[in-house]
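Welcome! Here is a short tour of one protein model, taken part by part. Have a look at the structure first, and then read on.

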Amino acid sequence: MTLEKIRQLVAEMTLEEKASMCSGADFWHTEPVERLGIPASMVSDGPHGLRKQDDKADHLGVNESIKAVCFPAGCGTAASFNRELLTEMGEVLGNECQAEGVSVILGPAVNIKRSPLCGRNFEYYSEDPVLASQTAGALVKGIQSKNVGTSIKHFLGNNQETRRMSVSAEMDERTLREIYLAAFEGAVREQKPWTVMCSYNKINGVYAAENRKYLTDVLRDEWGFDGYVMSDWGAVNDRVADLKAGLELEMPSSGGSNDRLIVEAVKEGTLEESVLDRAVERILNIVFRYAENRDTEAVFDRDKDHETARKVAEETIVLLKNDGILPLQEGKKIAFIGKYAKEPRYQGGGSSHINSHKVTSAMDAAAGNPSVSYAQGFRDEEDRIDGALLAEAVECAKQAEAAVIFAGLPDAFESEGFDRKHMRMPECQNELIRQVAAVQPNVVVVLHNGSPVEMPWIDSVKGVVEAYLGGQAVGGAEYDILFGKVNPSAKLPETFPVKLEDNPSYLNFPGEGNTVEYKEGIFVGYRYYDKKRMEVLFPFGHGLSYTEYTYSNLKLSTGCMKDTDSLTVSVDVTNSGKMAGKEIVQLYVGDKESSVIRPVKELKDFAKVELEPGETKTVTFVLSKRAFAYYNVQIKDWHVESGTFEIMIGKSSRDIVLTQTVTVESTVRLPMVYTTDSIMEDIFKNPEAKAMVMEAMAGSVNFAPEEAGEGSGAEAISVEMQEAMMRYMPLRGAVGFGSVETGITMEDVKALVEKLNALEGA
Ligand code: BGC
């Protein structure tokens with residue numbers, strides 16, 4: 001529907017009808033206005049499947065939803081580093097939505113993994129904003145290609161579950177821009193999600209729902225978002241303030257009470273009706289975009305979509321460690337041990353919980369292989385060693401030539417609604433791994449978890465496979481990877497620290513009372529571990545394969561550029577092993593020398609290439625200003641400092657294989673603002689300013705110290721020391737030097753400051 005027609009409709013609506021459009025009709029629908037032909041539209045959870053509730057509604061994943069297909073959760077899909085695959089998954093989800101009459105799927109959830117403890121990490125993508133945003137964007141692209149909307153969430157600063165509805169996430173602007181906003185930015189700018197869901201929490205003291213700065217100034221005015229913003233379920237605090245700030249749709253229904261507040265505010269003149277009209281316009285625009293593009297032919301073929309879920313799962317399973325044990329040989333006696341071999345933990349709890357129409361376990365997949373035996377090994381309802389199950393598992397492992405232990409985190413250990421208390425696996429499972437490894441030298445551990453765990457047994461097993469929460473088809477994908485029918489091709493979208501205490505947020509997670517301070521700033525994940533040169537269990541970007549890849553021929557389009565130019569980077573990747581596979585090529589950029597504190601390197605782009613044995617492909621990246629920039633709070637913009645930058649190509653963040661440098665020249669000069677506190681070192685960077693200061697202070701301050709004469713009291717002070725003292729001297733420090741006649745007064749300093757600022761045009 002054209003904007004003009006939508007405006008006509010809005011003009012025909014009563015004040016009450018308009019106010020009612022701004023909140024849900026019920027838990028999952030927008031309000032219809034039948035007399036004007038405005039339909040209700042349905043939204044449903046996901047995002048890694050469809051949680052469409054027909055009867056009893058809730059936002060905690062408690063009541064039944066329709067039978068659907070559960071794809072791998074965000075933790076896994078990010079590990080695929082495969083945009084095309086994510087888009088394909090999105091297309092399938094979009095089609096399911098069309099078949100089920102769902103207009104917007106509530107996701108993807110793109111919040112940064114600040115701490116491994118966040119209960120919803122399994123839904124989120126990464127500790128890195130480029131990877132998170134690109135993954136989310138690829139999914140949005142696929143879903144929306146089917147004329148179904150997405151709701152990228154939870155905007156903003158929702159990086160923990162503890163006190164999620166009241167906590168204030170406190171952080172500086174640079175951190176927000178470089179890490180937390182950046183996770184949304186790329187996806188919003190490039191893929192234009194139809195809607196955005198604001199989070200429950202506050203950002204620097206202001207609820208996300210009424211945060212004009214982010215909902216309007218950044219989201220709409222800077223990034224060009226043109227859909228509608230909806231609240232997380234129950235996130236509205238002050239309805240009228242929220243509407244003014246840029247929150248169009250309150251979800252779910254407020255039972256009419258908040259609609260009445262809107263009506264009253266317009267009548268009293270405290271809310272301009274045009275603000276309400278604009279909100280309704282934005283909502284109707286999306287309601288009709290869906291209604292007018294219905295695919296009445298769409299069919300939800302669950303079995304077919306299960307196969308796509310399996311294909312996605314194959315690329316979300318990360319091979320973390322392989323001391324030559326994998327792939328296993330079919331025909332050899334293999335013991336599958338652990339409850340998750342038969343009943344995999346493949347999704348997390350809460351609003352993203354899918355009612356899977358079927359589940360394939362690794363044991364199901366092994367049905368045709370008589371040499372696979374099974375023992376349960378542990379229970380997961382509580383962390384208690386079951387002696388009989390343990391003994392049976394040890395015996396089963398002894399009888400086999402290799403043992404694969406299917407372990408991980410039980411539901412009670414991670415979920416929406418609460419954060420983890422520690423990073424350990426249940427002790428009963430750690431004990432099982434220890435005891436099996438004591439009798440069987442060939443042990444592989446397959447993990448089912450949404451977030452990193454400590455691995456106290458790492459040295460006693462030969463292989464570790466991170467299956468994340470791989471969706472309902474996970475078992476088939478696991479089996480094929482274990483037996484080498486599929487070559488693992490995923491890499492970690494997050495660092496696995498050795499222990500929780502190593503994590504940069506450790507001292508400030510989940511905060512004090514209703515405040516959590518992000519004191520680690522931009523140093524989230526590998527940005528921190530790299531800067532501190534810390535040992536980690538597995539680094540960001542790590543993942544093994546059954547083949548070998550070699551890199552060569554790194555080329556930059558230029559060795560010297562302006563920050564307004566773009567740089568083309570190309571590199572050749574060869575499959576030098578014996579099995580076809582897919583390699584994830586990672587491009588990091590590091591500023592070699594910088595006056596601001598920056599990470600050693602940051603991921604700026606990545607590509608996944610499929611290669612037959614012996615095959616070589618050239619991968620090309622194009623980098624623009626943003627790849628070299630940091631967020632400068634003074635000019636409130638991205639800024640590149642002139643200098644040399646390293647372009648690093650890595651197999652992981654800790655395995656950089658090729659490096660080249662490029663010199664970038666800034667086209668923006670940061671304006672200097674002089675005050676009486678400005679120090680000589682900073683002033684002297686500008687030769688004109690230096691001359692001005694030298695002249696003003698001639699005769700009173702000595703800027704050229706000489707070697708102290710023998711026997712003088714200043715003997716112990718070297719020229720370097722004198723220079724250093726001078727370098728750090730503020731302008732006001734010059735007052736009092738020299739004699740009464742020649743000395744500088746505070747008035748002189750203030751006049752000098754004015755002259756200096758005039759020089760800058762300030
Ligand atoms: C969650 C959202 C979800 C909504 C609707 C909230 O509790 O935070 O992610 O989309 O419920 O179920």
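## Helices α4 and α12

In this predicted model, helix α4 passes α12 in a left-handed crossing (left-handed means that the near helix is turned anticlockwise from the far one by less than a right angle, right-handed that it is turned clockwise). Helices are DSSP runs of H or I with at least four residues, strands are runs of E with at least two, and both are numbered from the N terminus. The axes of α4 (residues 83-100) and α12 come within 10 Å and cross at roughly 160°. Therefore α4 is roughly antiparallel to α12. Angles over 145 degrees count as roughly antiparallel, under 35 as roughly parallel, 65 to 115 as roughly perpendicular, and the rest as oblique. Axes here are lines fitted to C-alpha atoms, for helices over the stretch in contact, and angles run from 0 to 180 degrees between N-to-C directions.

From α4, the residues Leu85, Glu88, Met89, Val92, Glu96 and Glu100 meet Arg302, Asp305, Thr308, Lys311 and Val312 of α12; contact means heavy atoms within 4.5 Å. By type, this contact holds four nonpolar, one polar and six charged residues. Nonpolar stands for Ala, Val, Leu, Ile, Met, Phe, Trp, Tyr, Cys and Pro, charged for Asp, Glu, Lys and Arg, and polar for the others, Gly among them.

## Helices α12 and α17

Helix α12 (residues 302-314) also packs with α17 (residues 474-482), at an angle of about 45° and with the axes 8 Å apart. The two are therefore oblique to each other, and their crossing is right-handed. Arg310, Ala313 and Glu314 of α12 make this contact with Val474, Gly476, Ala477, Asp480 and Ile481 of α17. Here the division is four nonpolar, one polar and three charged.

## The six-stranded sheet

An open sheet with mixed pairing has its six strands in the order β10-β16-β15-β14-β11-β13. Two strands pair if DSSP finds at least two bridges between them. At the edges are β10 (318-322) and β13 (372-375), each pairing on one side only. On average, neighbouring strands are turned by 20° against each other, direction ignored.

Inside this sheet, β11 (residues 334-337) and β14 (residues 402-408) run parallel and are joined by four bridges. Phe336 stands opposite Val404 in β14. Helix α16 (residues 427-439) packs on the sheet, where it touches β11, β14 and β15 (443-448), and its direction makes about 170° with that of β14. Helix α17 lies across β11, β14, β15 and β16 (463-466), at about 155° to β15.

Strands β5 (residues 168-170) and β7 (residues 202-203) pair in the parallel sense over two bridges, and Ala169 has Ile203 as its bridge partner in β7.

## Backbone details

Most residues other than glycine have a negative phi, and most peptide bonds are trans. Gly107 and Pro108, however, are joined by a cis peptide bond with omega about 0°, and Pro108 sits in the loop between β3 (104-106) and α5 (129-144). Arg533 has a positive phi of about 50° and lies in the loop between α18 (526-531) and β18 (549-556).

## Reading the model

Residues are numbered from 1 along each chain as its sequence is written, and side-chain values use heavy atoms, with hydrogens and water left out. Local features need pLDDT of at least 70 and side-chain atom pairs count only at pLDDT 80 or more, while totals for chains, interfaces and linings use all residues.
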